[in-house]
Amino acid sequence: MKNYDWIEHVKGTSKFADDLPVVEGTLHAGVFTSPTAKGKITSLNIAEAISHPGIKAVFTAKDIPGKNQIGAIIADEPLLADEDLHYVGQPIALIVGVEEYSIKQALRKIKIEFEEQKPILDAREAFEKKELIIPPQIFAIGDIDNAWDKCDLIIEGTADTGAQEHLYLETQIAYSIPKEGGGIKLISSTQSPTAVQRCVSRILNLDMHKIEVDVQRLGGGFGGKEDQATAWAAMAALACNLLNQPIKLKLSRQEDMRYTGKRHPYSSDFKIGLKTDGTIIAYKVDFFQNAGAAADLSTAILDRTLFHCTNSYYIPNVKATAYSCRTNLPPNTAFRGFGGPQGMFVIEAAIHKAALKLNLQPFEIQAKNLLKENDKFPYGQKAINCVARKTWSSAVDKFQLAKKINYINEYNSINALSKKGIALMPICFGISFTNKMLNQASALVHIYTDGSVGISTAAIEMGQGVNMKLRQVASRIFSVDISKIKIETTNTTRIANTSPTAASSGADLNGKALEKTCLILRERLLKAAEELLKTGSNEELSLNNENIAVNGIKSNLAWDKLISFAYTNRIPLSAHAHYATPGIDFDRSAAKGNPFSYHVYGTAIIETTVDCLRGIYEINSIETIHDFGHSMNHIVDRSQAEGAIIQGLGWVTLEEIKHSSNGRLLSDSLSTYKVPDIHFTPDKVSVEFLENDFASEAIFNSKAVGEPPFMYSIGAYFALINAIMEFNPHIKIKYDSPLTPEKALLMLYEGKELNFSTPRNK
Amino acid sequence: MKRRISFICNKNLVEAYVNPALTLLDFLRKNERLTGVKEGCREGDCGACSIMLGSIENNSLKYEVVNSCLFPIADADGCHVVTIEGINEIDLSPIQKSFINEGSTQCGFCTPGFIISLTCYLISGKQLNYADAIDSIGGNVCRCTGHAAIIRSVKSIMDSFINRNAGNEKCIDYLISKNYLPAYFKDIEIRLMNLKRQTVPEKLRNRLMIAGGTDLYVQRHDDLILEEEVDFIFNTGNKIYTENNSCFVEASATASDLGNSELLKNIFPGFEDFIKLFGSKPIRNRATIGGNIINASPIGDITSILLSLNSSLHITDGLNERILPLNEFYTGYKTFNLNSNEFIDKVSFKIPEGEYFFNYEKVSKRRHLDIASVNSSAFIKMNDGIIVEAKISGGGLAPIPLYLEKASSFLINKTATGNNLIASINIALDEVSPIDDVRGSAVYKKILFRQLLFAHFNKFFPEVITPEILI
Ligand SMILES: Cc1cc2nc3c(=O)[nH]c(=O)nc-3n(C[C@H](O)[C@H](O)[C@H](O)COP(=O)(O)OP(=O)(O)OC[C@H]3O[C@@H](n4cnc5c(N)ncnc54)[C@H](O)[C@@H]3O)c2cc1C
Ligand code: FES
Ligand code: FES
């Protein structure tokens, strides 16, 4: 079914925060940030900046009326640095002025002096220096110490994955408007309105009810606006509060890239033990997460790395330890997959390395160890309605793996400077916030006297199509046309205490809350209808196609008539309901429990070609069998899956975050940070739906789709490695993603002299 | 120094009295409140700000797509500016419908840019094909969909054009009849002819001149608005022509002009494909060769090509012209031999005859719309099995766009044997001194350069330069 929001999108009439008309007297704000990765401010001179034409004010930490603290999980991050500087780009001062250009100039007039200290940029170095955000986290199952003896082969190694810039097309933005009683209305590009509200309340020392946060839609989020939209909103609110004038704060692309956190880079050590037939007996892994300078959401992300450290495989003996390491980079943050991809990459690297030693294909080991029904994950939950093997075998059949391999072998034997590689990638991803508290939502539904419906929930529309899914929920329950249903902005005065729209759970949680709310209203309406239709006792009424049906037969009572009757008879046409995901629990201290309401599975086959002359490459195809449950919107879900896959392809190939040795971001613009473009998109991206009805906590059995497909892309890394090995079989593989063209070329010619030797007889 | 500027914006005439360096993006969003034009990067790399620009050229209306974030409003004078709002007069266009049907939009932020770029491609009036259609949106980035669904849309749109019976119906009329464009497009040609462009300003010396602006607006946007006295170099006339066995290219010629030039295609078969590796379509529509030379980037693509063609610069102060070989122009990193009252008028090179080879190689992290890690251009002329001319250039290997003097001259008067060619590659490797930077490590660039030289010679002399040398 088509997505109604898309009609606005294609016409360019959807309204993003920057598109809303500004009110009279609006000022703009710019942020002055730390030029050093580690140091202490010795002097800060704002005098010249204040007297710059057009500048109204400059604010620093001492102007904050409440607490200078934005840390959501751990209180370790100031809004504006007071004395200690922890990363390049850390906000120090806020300049407010009438227009943006002069603010840019004034920013250059702030004079700062500081004592510089040597920064830590690398997670392992931070670990050595005991710079940990929280104590190490451990997940274990079986008996790892005694398991090694049972293995025929034990392989050790390291695996690294890189950071990733979210690159939502709409940069961070907030617009703050003063309200009476010292209150504030904030338009914020956030995935988490309540986080903004809570933080602003703390910063300004105001009750939460004085702060209204309103969100129409985001131009992409991907996790980058879950926690990190907050600071900019808080700054806009701060200036608004102090000046009593509306303030708009929008980051330029370069500012956004420099000041905000990324996907966490990880460096990991693994040890895997197997039988000669490829059965995995034991797996030990240590994850070193580069958290950046403050906790942000790192600890929750660390958890998910542990939850997904065995991906789709059953391994009886596991010990996984994770360290969240504090470094002098912008605090890293949520990004699609939330630590899961980083965990899965390592087990895939371990399998790849083991396969080379055992003279097996990696996919032989993968296939052998896939989860079966009731197998236990390292955190004790059982795999229920597990379709890991089903998706694998359908992928192998449907996409004709054997034929592909033949073709690739043939291709490689006749092409000297072009080689192909293939890999399979199964995925398994748990759905629910792993912090139980967040698994709640509420919905507010108004039916207006003309029969049109307005819906408020906590869900933020950011491209994932949640608004459309919510419309479908209401439309199905009321049996009215989608056009009668409007999804309102997400607003903290209508829906309080919102969980972030994250963890792929937006449609599930809010959809379920909405379902409940609509059912309440439906019951009221049917009762009213009974009165009107005055039927006998055994007749059953239902809503059917904007009409009331009696025993399934259309009556002469239409939806709008019923509504107006209900109103006349003073039947409430609004309802609010709350939903909390049942059946989930997790004991943190034991690291055991059932944290997920269900899992999503799937398998991908990826084919790549490497130009062994230039070191450039193509991902030719990525074909997947994906477990959507019972998809409620194929167009939305397919587009989500494809987008996630290709974003993942960027992560393992082109997208490379580079810093100078003193911690300055070098890849700070779109000309130096490359994301997949249309030419990079594989010729073939197939997403086949495995329809599977068992996911009762998914809304209408339609499983969460935002994150899981991202992880198929990990297979592309290995397909590329396999192609490179066709040209240069003797390389020592580092398992160091992303596999940029630079790394590819260096691997292709690893062990060879720079200068060519002159050809014989020519 | 505000100026009066008038243009047709969608269907309305707009007369503005503004800072001529103001970007069209800001004007459209803030003054006209056409918020379908989005700001995603302000550096020409995302396409969210794409608009169509119609102008009268050779007495007929043509449209091209440009990035409004890098476009001075002065250059819109006398033109037709089309934003997504200008398409919306009608019910949804087939492109818009197809984006909805295929799921080619998610958050919607990039979407107007894609639709504008594709619509502009359809108006181009050229023989339409799938590859060009994809190229036309190569400057648009969609972070949400990863473009898979957009590709489906492009395919379905192109399929519907297969049966187009062009006849003598004008392209625009056809598109109006099929609902791709609203009816007001019918009158635009006449309206533009009546709307005189303001007189083109004299090129004023000692002022910062904006040519395509693709470099200036990225580097110095705020200065252009607030500080600098600027002037504009407009595109005019026949920019690529021959005279006395030489080919002349005016400095204001854009990369698109080069790519579209039949003349250059004839001299260097496949030339248009080399140009496709330069920026994106909207960037090529604006980026001039004068700007590319003065930009003085060590990895400038056009500069690299021109070096291997042994080009000369025609430099003028408005009165006198001096001619300087391009390989003597650069004196150091971003410094060159040009006085403050001079500008580049044109570039020339001798048209090669007889048996010759030309090749251009560029490797960047991403194949398209990316700055090279290393590029290289090679020209070799043969006479009776003897190399009589050889010019090799390389970018990303030194502080300036590099002409490989030693490697090139080594080859002169030699036969094209494997030994000689390999020896020249080894000489070239000693001539370069790349550094570690965001585009790659020095080690990488050196190896990559070797590979690109190999690629040239492998194309020119496949019998002697064979893959075995690499393996
Ligand atoms: C997204 C993007 C992609 C790009 N991709 C590439 C690429 O693939 N390859 C590449 O080489 N470059 C690329 N560039 C860089 C840039 O587009 C080129 O260097 C372009 O040729 C600059 O030309 P311009 O006309 O836009 O220059 P402008 O920005 O208008 O001017 C640049 C400088 O040249 C001066 N100038 C211009 N013309 C003259 C003249 N006739 N005489 C004297 N001075 C003059 C100007 O005063 C200014 O100082 C890219 C830029 C962007 C934004
Ligand atoms: S805003 Fe990105 S290209 Fe113009
Ligand atoms: S739809 Fe979000 S960037 Fe394209």
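Helix H13(B) contributes the most to the shell around ligand 1, with five residues. The model is predicted.

**The ligand shell**

In total, 32 residues surround ligand 1. The closest are Ala211(B), Gly212(B), Gly290(B), Gly291(B) and Asn292(B). By class, the shell holds 16 nonpolar, 11 polar and five charged residues. Domain 1 (3-194) and domain 2 (240-469) of chain B each provide at least three of its residues. The elements of chain B in the table each supply at least two residues of the shell.

| Element of chain B | Residues |
|---|---|
| Strand E6 | 208-210 |
| Helix H8 | 216-226 |
| Helix H13 | 289-295 |
| Helix H14 | 301-308 |
| Strand E14 | 343-350 |

**The contact between the chains**

Chain A puts 72 residues in contact with 74 residues of chain B. On the chain A side, helices H1 (4-11), H3 (100-107), H17 (634-652) and H19 (741-748) give two or more residues each. H17(A) has the largest share, nine residues. This side of chain A divides into 33 nonpolar, 24 polar and 15 charged residues.

**Helix H2 of chain B**

Helix H2(B) spans residues 94-102. Its buried residues are Ile95(B), Gln96(B), Ser98(B), Phe99(B), Ile100(B) and Glu102(B). What covers them includes H1 of chain A. Just after H2(B) comes Gly103(B), with a positive phi of about 75 degrees.

How values were computed
Residues are numbered from 1 along each chain as its sequence is written. Chains are lettered from A and ligands numbered from 1 in the order in which they are written. This is a predicted model: local features need pLDDT of at least 70, side-chain atom pairs count only at pLDDT 80 or more; totals for chains, interfaces and linings use all residues. A residue is near a molecule or strand if its C-beta atom, placed from the backbone, lies within 6 Å of it. Helices (H or I, at least four residues) and strands (E, at least two) are DSSP runs, numbered from the N terminus. Ala, Val, Leu, Ile, Met, Phe, Trp, Tyr, Cys and Pro count as nonpolar, Asp, Glu, Lys and Arg as charged, and the others, Gly among them, as polar. Domain bounds come from an automatic or database domain assignment. Two residues are in contact if their C-beta atoms, placed from the backbone, lie within 7 Å. A residue is buried if 20 or more other C-beta atoms lie within 10 Å of its own, exposed if 12 or fewer, and partly exposed in between; C-beta atoms are placed from the backbone.
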